[in-house]
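Subject: Structure for you to look at

Hi,

Here is the structure I said I would pass on. Have a look at it first, and my notes on what turned up follow below.

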Amino acid sequence: MALKPLASLPKTPLKIKRALLSVSDKTGLPELAKALHASGVELISTGGTAKAIKAEGIPVKDVSEITGFQECLDGRVKTLHPMVHGGILARTSHQDDVNEIEELGIQPIELVVVNLYPFKNKVADSNVSPAEATEFIDIGGPTMIRAAAKNFAHVSILSSPDQYENFVEELEEQMAVSFETRQKLAKAAFAHTADYDSAIANYFTGLIEEEPAKQFNASLPLSQGLRYGENPHQKAAVYGNQNDFIDCFHGKQLSYNNYLDVDAALNIISDFNSDEQACAIIKHTIPSGVGVGENLTEAYKKAFSTDRVSPFGGIVVVNQEMDIETVKAIDEIFTEIIIAPSYSDDALALLKQKKNRRLIRIKKSVREVQASSYRSIFGGLLNQDSDLTPANPDDFQIVSKRKPTEQEMKDLLFSWKVVRHIKSNAIVYAKDGRTLGIGSGQTSRVDSSEIAVIKAEKEGLDLNGSAIASDAFFPFADGVEAAAKAGAKSVIQPGGSIRDEEVIAKADEFDMAMIFTGKRHFKH
């Protein structure tokens, strides 16, 4: 039969006479069922949903009374029947449809209330087998949701308990549901099934270990609208589950640029273990300084001393509970955002004195779940594994004649943690648990090194005996020579240049210890 679309969609308010309810999440179900019954709506339901409604003393028909067919296959087939879908899909403003369903003995259904088996929650458990997971793939539910959403001009669809209150309010006030409401509910319904199907497709991609995946599927809820993007003329919003990772519990709403900076802060602080006291100061997604110490105050002062200008209006992130002494040090200048796993009571009392200062509590480390990273480009996006795997010194290779001392090895490891969070070309000078000079984002590695030295000199920091880290190999020996003349005594870099022998020879000439990590950390 050829498809015969209507000339236009009817926009008249919809009166609800019959409703079909079949929900996995029964939140708000009793209240909704009571309101529908009070409005004279006939209720039809299935299985556990029908039992829950009956338990409230509300009359409800089992769907089998409508279909004349008992559910079968352990409940796999309940609503997949023309008596159900004919009632949902009938265009009751179109006389041909009305005549046809009358001939077939089908009655219209004006409201469908369905939410789906919790597939995402189920497969989040790594112990769940494919046999168990596939039983949580809903079939009848998505079919009813899509049918009702397709026919939104004649049917209302509720696909989330969050929608019940406003729907009931409109129904009770207007005795009908507006076209605009039905259209919004249809949009939400299709988003719900799209998200559901995306989760299933991604599960199967992982199941068959398809690399790279033939199709990229992403479905993220709106987290919040933003005032603007990087600049005031750009519209912006943030999507996803940021609240799983952070709690911004004080101050103004985070901006687009704030989110970028917070992301950078969470990434770098995840590199420091809970048994060390670490602090990083972030400005425009780049660390201006990083420090570790006996306590957070010492760590902050070390980080701040690297660059005493850039931290103004920046972000401070720590990996331990924020204490009052550290807060007093931070409070000497304006800091826009402070991030910590927790805060002492007296630290909070002082911090909250400034209403607009944003305070963030870390709820979960990005390293726990952030397996991939994405960048939008022309025509699509780029996907790669996240570069968050901790460095393993067992994989390092000492290539110089002189081995690093115990202290030099500590400095090298510290600088290596920091350098991978610096935009390429990236150079970091460090000593005694503190950055001394950071050079980032230059088109030449030599330029980045010169900037790092200049910044250290500007702050009056002594580079003698320091370690230097480079995110990629030194292409020429002159880079190592310049570092040695600046005062560096040890070098950590990936290696891999065709001139590695020359570079190593130059390190030996200046009695420098040099380590090859075998792993590059470009950051574009």
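H8 and H10 cross in a left-handed way. Bear in mind that this is a predicted model. Helix H8 covers residues 140-150, and its axis lies 9 Å from that of H10, at an angle of about 150°. The cut-off for roughly antiparallel is over 145 degrees, so H8 and H10 count as roughly antiparallel to each other.

As for who touches whom, H8 brings Pro-142, Ile-145, Arg-146, Ala-149 and Lys-150, while H10 answers with Ala-186, Ala-189, Phe-190, His-192, Thr-193 and Tyr-196. Sorted by class, that contact between H8 and H10 comes to 7 nonpolar, 2 polar and 2 charged residues.

One more residue on H10 to mention: Asn-202 sits in that helix. Asn-202 is partly exposed, at a relative accessible area of 34%.

Now the cores. The largest nonpolar core has 57 residues, and the members that touch the most others are Leu-21, Leu-36, Leu-43, Ile-88 and Val-112. Helix H10 (residues 179-207) is the top contributor to this core, with 8 residues. Which residues does Val-112 contact, leaving aside its neighbours within four places in sequence? They are Leu-20, Ile-88, Met-144, Ala-148, Val-155, Ser-156, Ile-157 and Leu-158. There is also another core, apart from the largest one, of 42 residues; Val-262, Val-317, Ile-339 and Phe-396 are among them. As background, nonpolar side chains tend to be buried together in soluble globular proteins.

The other helix pair I looked at is H17 with H18. H17 spans residues 477-486 and H18 spans residues 500-509; they pack at an angle of about 20°, with 8 Å between their axes. That makes the two roughly parallel, and the crossing of H17 over H18 is right-handed. On the H17 side the contact involves Ala-477, Val-480 and Glu-481, and on the H18 side Glu-502, Val-503, Lys-506 and Ala-507. By class, this contact has 4 nonpolar and 3 charged residues, and no polar ones.

Cheers

Terms used. Residues are numbered from 1 along each chain as its sequence is written. This is a predicted model: local features need pLDDT of at least 70, side-chain atom pairs count only at pLDDT 80 or more; totals for chains, interfaces and linings use all residues. Side-chain values use heavy atoms; hydrogens and water are left out. Axes are lines fitted to C-alpha atoms, for helices over the stretch in contact, and angles run from 0 to 180 degrees between N-to-C directions. Helices (H or I, at least four residues) and strands (E, at least two) are DSSP runs, numbered from the N terminus. Angles under 35 degrees count as roughly parallel, over 145 as roughly antiparallel, 65 to 115 as roughly perpendicular and the rest as oblique. A crossing is left-handed if the near helix is turned anticlockwise from the far one by less than a right angle, and right-handed if clockwise. Contact means heavy atoms within 4.5 Å. Ala, Val, Leu, Ile, Met, Phe, Trp, Tyr, Cys and Pro count as nonpolar, Asp, Glu, Lys and Arg as charged, and the others, Gly among them, as polar. A nonpolar core is a set of buried Ala, Val, Leu, Ile, Met, Phe, Trp, Tyr and Cys residues joined through side-chain atoms within 4.5 Å. Buried means under 20% relative accessible area, exposed over 50%, partly exposed in between (1.4 Å probe, protein chains only).
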